[in-house]
Amino acid sequence: MKQSVFSITENTPLTANVYRMRLEGDTGDILRPGQFVNIRLEGLYLRRPISVCDREGDILTLIYKTVGEGTDRMSRLIPGQKLDLLTGLGNGYDLDRSGDKPLLAGGGVGVPPLYWLAKELIGRGRHVSAVLGFNRADEVFYEEEFKRLGCAVTVTTVDGTRGKKGFVTDALPDEYTHVYACGPMPMLRAVYDQTSVSGQYSFEERMGCGFGACMGCSVKTRTGSKRLCKDGPVLAKEEIIWDA
Ligand SMILES: Cc1cc2nc3c(=O)[nH]c(=O)nc-3n(C[C@H](O)[C@H](O)[C@H](O)COP(=O)(O)OP(=O)(O)OC[C@H]3O[C@@H](n4cnc5c(N)ncnc54)[C@H](O)[C@@H]3O)c2cc1C
Ligand code: FES
């Protein structure tokens, strides 16, 4: 983990309430897709965790949805302003388990970390399918970006206004070797239940410190208690225990 100051180079809306922020700084500790950064915002006690969407050289890309005070403040920042970040947090996805045809299943703001993952997997010559789920057409983002990487992309919307009508689990491809998932808990659970292959699931749950000190994010797994911020946020399918 590293604490450093990043300079904002872009903060653009992608939809009505989802923004892409690009920042320049020391990305040396950001090693794997699925890791996250923890952002200090003026006047707020707790930092706000956001997944790494991409990292190219010293440019970090984040995509976030405005849901409360912290993310609302983020949306009002402008290029040139600085942010204090903890980087290199979380375990990230294990790319070695992908097999030849990995499936990436993302819902809403669970989609961003799958972008860098897709890029890395395609760079390794894997045949990547991505199913990206949203509520409505006007909430869809990054469909073209995933296609440009070379993924076979299916978009689903709950109301059918774009792509296939329904949930991510209504559009799973016929064949895949491993599942990488990130999204809201009901989506993760549905993907877990409806797929029989191995997988890795990222749990973007509420956190306290974000680096393993407060135990506020502890969950029970089949391999013992784990802190989602440090031992996760990615859990392997075989270790997940769902709350009843
Ligand atoms: C490892 C990790 C990675 C994340 N990656 C992303 C990302 O890439 N993009 C993104 O938009 N968001 C991501 N999140 C969620 C993001 O951290 C929260 O939305 C953010 O902290 C909310 O801060 P706030 O001050 O705006 O809202 P708050 O005022 O703190 O909360 C506003 C509302 O959002 C709910 N909320 C807050 N945090 C979460 C959460 N983690 N999960 C579900 N509901 C929450 C609260 O219960 C409340 O109803 C991630 C969370 C974690 C733990
Ligand atoms: S959030 Fe403090 S230990 Fe995980």
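Analyst: Arg-189 is partly exposed, because its relative accessible area is 34%, which falls between the 20% limit for buried and the 50% limit for exposed. The model is predicted. Arg-189 sits in helix H4, residues 185–194. Not counting residues up to four places away in sequence, Arg-189 touches Trp-242 and Asp-243. Arg-189 and Ser-7 are 182 residues apart along the chain. Their C-alpha atoms are separated by 37 Å.

Now the cores. The largest nonpolar core has 27 residues. Five of them touch the most other members: Leu-104, Leu-114, Leu-117, Phe-146 and Cys-151. The elements that give two or more residues to this core are helix H2 (112–123), strand E9 (129–134), helix H3 (143–149), strand E10 (152–157) and strand E12 (178–182). H2 gives the most, with 5 residues. In soluble globular proteins, nonpolar side chains tend to be buried together.

Leaving out residues up to four places away in sequence, Leu-114 touches Tyr-93, Leu-104, Ala-105, Gly-106, Phe-146, Tyr-180 and Cys-182. Two of these contacts, Leu-104 and Phe-146, are listed with Leu-114 among the core residues that touch the most other members.

Next, ligand 1. It is surrounded by 18 residues. The closest are Arg-48, Pro-49, Gly-70, Thr-71 and Arg-206. By class, the shell divides into 8 nonpolar, 4 polar and 6 charged residues. Strand E4 (48–51), strand E6 (59–65) and helix H1 (69–75) each supply at least two residues of the shell. E4 gives the most, with 4 residues.

Backbone atoms supply several polar contacts. A polar backbone atom of Pro-49 is 2.5 Å from an oxygen atom of ligand 1. For Ile-63, a backbone N or O atom lies 2.9 Å from a nitrogen atom of the ligand. For Lys-65, a backbone N or O atom lies 2.8 Å from a ligand oxygen atom. On its own, ligand 1 has 870 Å² of accessible area, and the protein covers 75% of it.

Technical notes:
Residues are numbered from 1 along each chain as its sequence is written. Chains are lettered from A and ligands numbered from 1 in the order in which they are written. This is a predicted model: local features need pLDDT of at least 70, side-chain atom pairs count only at pLDDT 80 or more; totals for chains, interfaces and linings use all residues. Side-chain values use heavy atoms; hydrogens and water are left out. A nonpolar core is a set of buried Ala, Val, Leu, Ile, Met, Phe, Trp, Tyr and Cys residues joined through side-chain atoms within 4.5 Å. Buried means under 20% relative accessible area, exposed over 50%, partly exposed in between (1.4 Å probe, protein chains only). Contact means heavy atoms within 4.5 Å. A residue is near a molecule or strand if one of its heavy atoms lies within 4 Å of it. A polar contact is a pair of N or O atoms within 3.5 Å; within protein, one must be able to donate a hydrogen and the other to accept it, and residues adjacent in sequence count only if both atoms are side-chain atoms. Accessible areas come from the Shrake-Rupley method with a 1.4 Å probe; for residues, only the protein chains shown count as cover. Ala, Val, Leu, Ile, Met, Phe, Trp, Tyr, Cys and Pro count as nonpolar, Asp, Glu, Lys and Arg as charged, and the others, Gly among them, as polar.
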